[in-house]
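Subject: Handover of a structure and the findings on it

Dear colleague,

Please find below the structure that I am handing over to you. I would be grateful if you would read the notes after it with the structure open.

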Amino acid sequence: MSLKTGESSSNIEDLTIGNLTAHVIQMSTKGEDSRVKYLTAKLIQHLHDFVRDVELQTDEWEVAWQFLTRIGQTCTPERQEFVLLSDVLGVSALVDAINSKQTSGATESSVLGPFFSDTAKVFENGESITSNSIAGEPMLIRGAVLDTAGKPIPRALVDIWETDGNGFYDMQDVEYNEPDCRGKFFTDTSGKFYLKGVKPVDYPIPNDGPVGEILQLFNRDWYRPAHVHYMIMHPEYEKLVTAVYSRESKYIIEDPVFGTKKSLVVDFVWTQDEALAKTYGISPIERIMGSEKSRGFWLLERDFVLVSKKSKGGRKINDTVV
Ligand code: BEZ
Ligand code: FE
């Protein structure tokens, strides 16, 4: 129902619960791009179906748009509340699942989260990504980047970020002015990377904004299990965004952002191996293990398998894939 020039307004057809959706879709899909038209039509259809289904009340709609306004107002260059909303509603995990249709043997992906920053410096293998003042117990992080046939991939860029031993990312510290607990490494000729960091700990996702309000409303926990993030890139392979999660964390089952996967659960291993400490220049610490005093450090060993760019699929523009 659109009026053409010269057409009389008496031809106006009333928009109703039954015909409004088709009209809005018709008005909104006049552009050229088939994928945009497909996404727009589906989005309007699903949104309207939801509103009809629950018979959304005016006061509820007001609460919803005021909430979304607060989400937008909370966003800054350092804080992406919209991404966080997508994370806690499981949308990020769903997009991730759809986009990482598993090539057999490839490492599974996980949520990027709001604490990635491209400010990380490039280090030489073996260097430390933590400053001297950082809290936390020393951890050797090492692994290899491989293709699906098990062949090492040299010169892959491995970007790693983690919390300190208090559960904070560098950008959450008001006094932060230098990247910390994050770094970029290139794999060596045998596809290996190795660095010094700290053992990350369970930490709360930001819960002092509107996302925190709904977590409380839903009576949900907001701690993520301790993890280390990896973004791995090489010109000939699909970018891998993933993380590995500590088996010992009690939050491994109920991750508030649904990023954990069985294949990404690892052990942070306590080792007293002095020769290894010497090789990597690690200063062991003393801590209680069980009921005994022990001198050592943590070890995280994990390899990653990338998928060749040649195996990428297409995008839907109707009910087929192009
Ligand atoms: C993170 O692991 O850094 C993260 C992911 C999603 C939401 C909040 C934090
Ligand atoms: Fe994280």
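The notes below describe the chain as a whole and then a number of individual residues.

**Basis of the notes**

This is a predicted model, in which local features need pLDDT of at least 70 and side-chain atom pairs count only at pLDDT 80 or more, while totals for chains, interfaces and linings use all residues. Residues are numbered from 1 along each chain as its sequence is written, chains are lettered from A and ligands numbered from 1 in the order in which they are written, and side-chain values use heavy atoms, with hydrogens and water left out.

**The chain as a whole**

The chain contains 7 helices and 13 strands; these are DSSP runs numbered from the N terminus, with at least four residues (H or I) for a helix and at least two (E) for a strand. Its C-alpha trace spans about 90 × 45 × 35 Å along the principal axes.

Of the 322 residues in the chain, 39% are buried. Here buried means under 20% relative accessible area, exposed means over 50%, and partly exposed lies in between (1.4 Å probe, protein chains only). The chain exposes about 18,700 Å², of which carbon and sulfur atoms supply 53%; the areas come from the Shrake-Rupley method with a 1.4 Å probe, and for residues only the protein chains shown count as cover.

A contact means heavy atoms within 4.5 Å. Among contacts between residues at least 6 apart in sequence, 72% join residues at least 24 apart.

There are 35 positive and 47 negative side chains, and the centres of the two sets lie 7 Å apart. Lys and Arg count as positive and Asp and Glu as negative, with His and the chain ends not counted; each charge is placed at NZ of Lys, CZ of Arg, CG of Asp or CD of Glu.

**The annotated span**

An unreviewed UniProt entry carries the annotation "domain: Intradiol ring-cleavage dioxygenases" for residues 141-169. Such positions are given in the numbering used here, feature names are shortened, and annotations may be inferred rather than shown by experiment. In the model, this span is 0% helix and 45% strand, and its end C-alpha atoms lie 18 Å apart.

**Two buried polar residues**

Lysine 184 belongs to strand E3 (residues 182-186). With a relative accessible area of 12%, lysine 184 is buried. Its side chain makes a polar contact with the side chain of aspartate 118 at 3.0 Å. A polar contact is a pair of N or O atoms within 3.5 Å; within protein, one must be able to donate a hydrogen and the other to accept it, and residues adjacent in sequence count only if both atoms are side-chain atoms. Beyond its neighbours within four places in sequence, lysine 184 touches residues including Asp118, Phe123, Leu157 and Asp159.

Serine 109 sits in the loop between H5 and E1 and is buried, at 8% relative accessible area. The side chain of serine 109 makes a polar contact with that of aspartate 96 at 2.4 Å. Leaving aside neighbours within four places in sequence, the contacts of serine 109 include Asp96, Leu240, Thr242 and Lys261.

Serine 104 also lies in that loop, which runs between helix H5 (91-99) and strand E1 (138-147). Serine 104 is exposed, at 67% relative accessibility. Its C-alpha atom is separated by 43 Å from that of valine 24, 80 residues away along the chain.

In helix H6 (residues 210-217), the buried residues are Pro210, Val211, Gly212, Ile214 and Leu215. Their cover includes helix H3 (58-74) and helix H4 (81-88).

Asparagine 219 has a positive phi of about 60° although it is not a glycine, and it is exposed at 72% relative accessible area.

Glutamate 55 likewise has a positive phi, of about 50°, without being a glycine. This residue is in the loop between helix H2 (34-54) and H3, and it is exposed at 57% relative accessibility.

Within H3 itself is glutamate 60, which is partly exposed at 40% relative accessible area. The side chain of glutamate 60 reaches the backbone nitrogen of glutamine 57 at 2.9 Å. Glutamate 60 and valine 198 are 138 residues apart in sequence and 46 Å apart in space, C-alpha to C-alpha.

Yours sincerely
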